[in-house]
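Trainee: I am new to this structure and would be grateful for a close look at one helix pair and its setting.

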Number of protein chains: 2
Amino acid sequence: MAVDQTKLLLDTVKRLLRREARVHLHKIVNKTHGADLAVVFRFLTLREQEALFDFMETVEQKAILFSELEEEVLVRLIEDMPAGKIAEILEQMPKDDVADLLGKLSDERAQALLDLMTKEESEEVEGLLGYDTETAGGIMLPDFIALKEETTAREAIEALQKEYVDIEMPFYLYVVDDHDRLVGVISLRQLVVVPPHTKLKAIMATDFVSVETNTDQEEVARIVARYNILAVPVVDESNKPVGIVTVDDVIDIIREEATEDILKMAGAGEDLVESESVLKSTRIRLPWLLASWLGGIIAFFIIGHFESSLNKLVYLAAFIPIIMGMGGNIGTQSSTIVVRGLATGQLNIKQMWNVVAKELAVGFLLGFFYGLLLGVVASFRYDLWSLGMTVGLAVVSSMTIAAMVGSLVPMVFARINIDPAVATGPFVTTSIDILSVFFYFQIATLLLRL
Amino acid sequence: MAVDQTKLLLDTVKRLLRREARVHLHKIVNKTHGADLAVVFRFLTLREQEALFDFMETVEQKAILFSELEEEVLVRLIEDMPAGKIAEILEQMPKDDVADLLGKLSDERAQALLDLMTKEESEEVEGLLGYDTETAGGIMLPDFIALKEETTAREAIEALQKEYVDIEMPFYLYVVDDHDRLVGVISLRQLVVVPPHTKLKAIMATDFVSVETNTDQEEVARIVARYNILAVPVVDESNKPVGIVTVDDVIDIIREEATEDILKMAGAGEDLVESESVLKSTRIRLPWLLASWLGGIIAFFIIGHFESSLNKLVYLAAFIPIIMGMGGNIGTQSSTIVVRGLATGQLNIKQMWNVVAKELAVGFLLGFFYGLLLGVVASFRYDLWSLGMTVGLAVVSSMTIAAMVGSLVPMVFARINIDPAVATGPFVTTSIDILSVFFYFQIATLLLRL
């Protein structure tokens with residue numbers, strides 16, 4: 001469903017809800033994919049959500065909706081729903097999504113729901129709840145098919161037919177040795193095209209990749225993306241397979257991580273706070289601005305230090321915005337390129353000095369260009385050649401320093417294992433503001449003999 | 001292979017290349033996955049790349065390397081390679097990657113390579129070359145299996161076995177009617193678990209999603225991500241299937257689009273320019289800084305306009321950085337939240353006024369907090385109550401306006417179909433700089449009776 005169609009659906013649903021057009025709503029809701037309904041739900045009030053939910057007929061559709069809804073929305077939606085009704089839907093959902101949801105509920109509520117599941121299911125979900133949510137263990141599905149090396153292709157297909165209902169994405173089968181350790185992977189397509197009596201041992205791939213339960217989810221995503229695979233097996237410390245991470249979860253991770261990086265760089269928290277209340281949103285964003293405030297206070301004292309220079313040539317103040325702005329903008333360019341380069345693997349911290357040296361050169365060239373431009377304007381405006389020289393040099397120094405700081409800081413943070421995206425926003429901008437102002441007044445005092 | 005292992009591999013390869021340790025290199029290269037080699041290649045000089053490439057033995061590994069390498073790197077690498085040798089590798093690559101590569105070569109070179117392919121293959125690749133690279137047609141694979149409704153499961157599996165070699169990811173089979181129009185989709189797993197004589201008509205899903213050849217690749221990615229599917233069929237204007245877009249390509253698109261958004265927001269071009277030369281990088285970044293330079297010039301004239309006020313109270317200048325900085329940072333927060341929210345679908349332009357009103361409130365609250373803080377500091381420092389009031393109010397107005405402009409501009413751009421990410425960087429920052437300075441001096445002139 002295209003973006004325009006989603007908007008149309010949202011408009012239609014809202015209109016029908018207002019009109020209480022039950023027959024129409026019923027028809028629309030039940031022919032719409034759960035994933036599309038999830039998008040619509042995001043933009044409805046709780047009341048509208050509850051009304052719409054009541055029109056949904058099949059448990060399967062409800063399960064897709066639950067899997068796709070953001071957890072905060074879902075938690076609110078099920079707050080007043082009877083546990084039995086919820087459990088019925090949870091049964092149809094992938095276990096990792098069930099575990100994610102239960103992790104957000106109160107302990108009693110989660111326990112009540114676990115009690116309603118079959119023993120096998122609740123054990124699987126509880127197993128998942130034991131892992132950190134941002135690791136392979138936290139995002140894996142415990143359902144997969146593991147067979148012995150001596151199994152034949154025919155037996156494997158039979159196993160697949162038997163386990164069919166439980167397995168979400170059986171595109172790979174895993175082969176284990178007599179100690180249940182993972183030794184090979186076979187894709188369903190290979191299984192179908194070999195003679196039925198072929199043993200798995202003979203056709204399995206042994207150069208597969210796997211991850212451990214405590215592997216970070218970003219690393220898992222990188223592996224799935226790099227090797228173009230549809231699922232990666234997760235093994236425990238003794239190399240026994242305990243689950244798989246599927247490509248659809250990887251897509252969500254890649255998107256989330258990109259959002260997180262973008263927001264961190266802007267100093268706007270880690271999650272999109274647009275759905276939060278004004279007060280909560282204010283609280284999340286408040287601390288990020290402190291660096292900028294403190295930096296501003298430092299810049300204030302620096303300018304205060306040069307007050308006598310400023311007294312003699314008051315129009316020096318008029319150049320503060322452009323000198324700070326040019327530094328700030330090129331610094332953001334540099335740090336963004338470095339942070340994103342590191343995140344996508346296109347840059348490597350081993351190249352630190354190369355990258356910083358290159359940024360220094362780029363900063364100097366751009367500084368030279370825009371400094372010259374400003375120098376010429378200033379010389380004409382005030383008919384004072386030395387003022388032009390001063391502001392020109394200030395732009396050169398500000399932009400060169402900014403490009404260097406902007407590229408160096410995230411590199412250093414990455415090297416000492418601090419997330420470079422966090423470093424880049426307010427921290428880099430603020431340092432650059434301070435340095436730009438300081439060098440500007442220092443150059444002015446020297447060149448203009450103030 | 002984890003990030004650390006990649007670094008280790010890169011170090012080892014570089015060391016062995018320096019030492020010309022042929023036997024070791026040979027062993028390492030041939031046991032490493034082509035995708036890992038592609039990462040290593042990225043950080044080698046052309047000379048080192050050529051040396052390493054010569055050690056690769058299997059055409060399959062070379063094909064994976066070619067598919068994974070960035071096109072600029074690849075084009076340089078094959079520049080001096082004989083066409084016959086290249087064609088041999090292209091034969092093993094997915095057709096969409098071949099088309100992408102040929103699109104980057106000179107017409108003669110591309111034609112020479114096409115001439116070396118079988119007629120069927122070259123026709124398929126030429127077909128792909130006809131589509132815009134950023135549409136479904138440009139990223140699709142022309143290989144897929146389409147069968148008639150009356151086909152049985154057994155016949156379908158036989159077809160799969162026959163076509164096996166050519167098909168990259170045969171996890172879905174497509175069902176067409178007598179006019180070759182797409183009417184259903186079956187997953188390989190369904191095919192395996194039904195009785196062999198079952199007709200496809202009876203088991204195919206008819207509520208599948210499909211895209212058209214000219215659908216934008218971002219839209220394709222959104223669809224694959226939303227419905228958790230492994231491949232989406234691409235149809236022509238008469239609803240005949242012409243190809244499929246697979247989930248591995250979708251992952252690359254999602255990552256690229258995130259990078260593009262991040263870079264655009266920072267005003268640093270569209271592609272990561274870190275691998276470019278200093279001069280080229282400078283050229284790409286130069287125009288983005290012009291907005292900031294022009295904005296600085298406007299701020300300069302605004303301050304010039306208030307020169308007489310400034311003459312009377314020269315230390316007003318010392319507050320310029322903090323007032324600009326606070327506005328700039330909250331503006332970046334607001335616009336980033338909105339741009340990312342729109343990109344991920346968590347925000348909708350229908351909510352424009354809600355979002356802007358909310359940002360206005362958040363901006364005012366944060367402005368009140370930091371304005372009060374600055375007002376107190378300023379009052380004490382200069383023992384002048386009205387100065388504290390002035391700078392406090394300036395922070396409030398700067399931050400409120402910044403939050404509003406930062407959220408409104410990307411919303412408006414999205415509504416008139418201009419990419420909000422482009423709008424957000426230098427444009428928003430610069431407008432905020434100008435407005436902040438203007439309101440600051442206006443407030444100062446009024447309150448301090450200058």
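Mentor: H15(A) passes H16(A) in a left-handed crossing (the near helix is turned anticlockwise from the far one by less than a right angle; clockwise would be right-handed). The model is predicted, with local features requiring pLDDT of at least 70, side-chain atom pairs counting only at pLDDT 80 or more, and totals for chains, interfaces and linings using all residues. Residues are numbered from 1 along each chain as its sequence is written, while chains are lettered from A and ligands numbered from 1 in the order in which they are written.

The contact is made on one side by Gln217(A), Glu218(A), Val220(A), Ala221(A), Val224(A) and Ala225(A) of H15(A), and on the other by Val247(A), Val250(A), Ile253(A), Ile254(A) and Glu257(A) of H16(A); residues are in contact if their C-beta atoms, placed from the backbone, lie within 7 Å. By class, this contact has eight nonpolar, one polar and two charged residues (Ala, Val, Leu, Ile, Met, Phe, Trp, Tyr, Cys and Pro are nonpolar, Asp, Glu, Lys and Arg charged, and the others, Gly among them, polar).

As for the setting, chain A contains 23 helices and six strands (DSSP runs numbered from the N terminus: H or I of at least four residues for helices, E of at least two for strands). The C-alpha trace of chain A spans about 90 × 60 × 40 Å along its principal axes. Beyond this chain, 97 residues of chain B are in contact with 97 residues of chain A. Helix H19 (residues 320-344) of chain B gives the most to the side of chain B that touches chain A, with 16 residues. That side of chain B divides into 59 nonpolar, 24 polar and 14 charged residues.

Methods: Contact = placed C-beta atoms within 7 Å.
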